[in-house]
Amino acid sequence: MKKLLASDRTVFVDDDMVRKYVIKIIFQMFQDKFVPDVIFGVTRGGLVPGIYLSHALGVPFIALNDISQELKCEYKEVLIIDEINDTGKTLSEIARKVDKDLNVRYAVLIENTASCFASDYYGMNYNKFEE
């Protein structure tokens, strides 16, 4: 079971929930007609869901170990996944470093709707300022 801290709230996510959220993300991507050529998982939290997505979609997976580096790759359709978008700081930093020639979408297992960054796909959403 993975413990995710979102401000003053704690969310526990077990493997079954990760799988459920990954399926929801895949469904949203297909509704959006988006099929990535590659999946980048933000180390550490994005690794497990990223690998699940990679296997389900049959596309390569790459661990994104250093978000301070510019993100370039030979692929054009890119999905970046992390476990939670709480404040938006991590995904905003990544978005600033992405090669502008790439079509990048962002997915998270848990999305805080009050975040400064809006993910394209998510397994569950909440607003940390509401009960």
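Two strands are taken to pair if DSSP finds at least two bridges between them, where strands (E, at least two residues) and helices (H or I, at least four residues) are DSSP runs numbered from the N terminus. The structure is a predicted model, in which local features need pLDDT of at least 70 and side-chain atom pairs count only at pLDDT 80 or more, whereas totals for chains, interfaces and linings use all residues. Residues are numbered from 1 along each chain as its sequence is written, and side-chain values use heavy atoms, with hydrogens and water left out.

On this basis, strand β3 (residues 38-42) pairs with β5 in the parallel sense over four bridges, and V38 stands opposite V78 of β5. Strand β5 also pairs in the parallel sense with strand β6 (residues 103-112), here over eight bridges; D82 has V108 in β6 as its bridge partner. Between β5 and β6 the chain passes through helix α3 (residues 89-97), and this β-α-β crossover is right-handed, that is, with the strands pointing away from the viewer, the path from the first strand over the helix to the second runs clockwise. Eight of the nine residues of β5 (residues 77-85) are buried, so this strand is largely enclosed by the rest of the structure. Buried denotes under 20% relative accessible area, exposed over 50%, and partly exposed the range in between (1.4 Å probe, protein chains only).

The protein chain as a whole contains three helices and seven strands, arranged from the N terminus in the order β-β-α-β-α-β-β-α-β-β. Its radius of gyration is 14 Å, close to the 14 Å that the globule rule gives for 131 residues, so the chain is as compact as a globular protein of that length; the radius is taken over C-alpha atoms, and the rule is 2.2 Å times the number of residues to the power 0.38. Of the 131 residues, 47% count as buried. Among contacts (heavy atoms within 4.5 Å) with a separation of 6 or more, residues 24 or more positions apart account for 63%.

Two features of the backbone concern loops. Most residues other than glycine have a negative phi, and most peptide bonds are trans. The peptide bond from T43 to R44 is cis, with omega near 5°, and R44 lies in the loop between β3 and α2 (47-57). K33, although not a glycine, has a positive phi of about 60°. This residue, K33, is found in the loop between α1 (15-31) and β3, and K33 counts as exposed because its relative accessibility is 76%.
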